[in-house]
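Please look over the structure below with this briefing beside it. The notes that follow go from the whole chain to its sheet and then to one helix.

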Amino acid sequence: MLVLGVDPGLTRCGVGVVEGSPGRARLLAAGVIRTDAGLDTSRRLLAIETGLEEWISQYDLDVVAVERVFAQHNLMTVVGTAQAAAVAMLVAARHNLPVHQHTPSEVKAAITGSGRADKAQVGTMVCRILHLDEAPKPADAADAVALAICHSWRGAAAERLEEAAHLANAQRPGLAQRLHTRKVLA
């Protein structure tokens with residue numbers, strides 16, 4: 001599976017392409033799409049869109065994994081990050097690529113075994129997993145690579161379960177709704 005990981009950000013949008021399957025990963029490329037903080041937000045988002053188009057056109061991707069945005073302290077930072085994430089999802093959809101989102105703690109747990117790992121621990125494990133001398137730089141690129149590894153390891157299984165549920169529902173229409181209704185009424 002060829003995964004483009006996107007660590008969304010308005011100033012630096014990390015990107016990483018990993019070929020992988022559960023327990024195996026190989027780095028193809030990593031980098032960042034940078035925007036000038038002096039530009040209007042719409043121009044910055046356009047620059048991110050253009051950069052993502054270039055990355056997607058270079059590889060025969062199977063899926064795009066985007067970090068799920070969550071609010072910490074600075075609301076303005078979250079807004080810009082969410083806008084960059086939306087651009088990544090839009091570009092992927094334009095290319096008929098499935099998009100999956102993973103939380104930072106999911107990525108950390110997949111890479112290090114702990115959802116509370118710090119950036120240094122994630123970087124160290126990315127190096128070990130990919131047999132690199134040093135983590136991709138800057139940290140946004142390493143985070144995007146970690147996201148791609150996470151999806152190639154965890155996302156593949158989740159996608160198979162989702163497909164099985166969809167197939168079961170297609171064979172027995174309404175089964176999922178009936179099960180959900182029973183659970184709610186219980």
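The protein chain has an accessible surface of about 10400 Å², and 54% of this belongs to carbon and sulfur atoms; such areas come from the Shrake-Rupley method with a 1.4 Å probe, and for residues only the protein chains shown count as cover. This is a predicted model, in which local features need pLDDT of at least 70 and side-chain atom pairs count only at pLDDT 80 or more, while totals for chains, interfaces and linings use all residues. Residues are numbered from 1 along each chain as its sequence is written, and side-chain values use heavy atoms, with hydrogens and water left out.

**The chain as a whole**

- Of the 186 residues in the protein chain, 41% count as buried, a term that stands for under 20% relative accessible area with a 1.4 Å probe, protein chains only.
- The protein chain holds six helices and five strands, where helices (H or I, at least four residues) and strands (E, at least two) are DSSP runs numbered from the N terminus.
- Along the sequence, these elements follow the pattern β-β-β-α-β-α-β-α-α-α-α.

- The five strands form an open sheet with mixed pairing, in the order 3-2-1-4-5, and two strands are taken to pair if DSSP finds at least two bridges between them.
- Strand 3 and strand 5 (99-102) are the edge strands, each pairing on one side only.
- Strand 4 (residues 63-67) pairs with strand 5 in the parallel sense over four bridges, and valine 66 stands opposite glutamine 101 in strand 5.
- Helix 2 lies across strand 1, strand 4 and strand 5, and runs at about 170 degrees to strand 4; axes here are lines fitted to C-alpha atoms, for helices over the stretch in contact, with angles from 0 to 180 degrees between N-to-C directions.

**Helix 1 and isoleucine 48**

- Isoleucine 48, found in helix 1 (residues 41-58), counts as buried because its relative accessibility is 0%.
- Leaving aside neighbours within four places in sequence, isoleucine 48 is in contact (heavy atoms within 4.5 Å) with residues including Leu10, Ile33 and Val87.

Conventions. Buried < 20%, exposed > 50% of the residue type's maximum accessible area, 1.4 Å probe, protein only.
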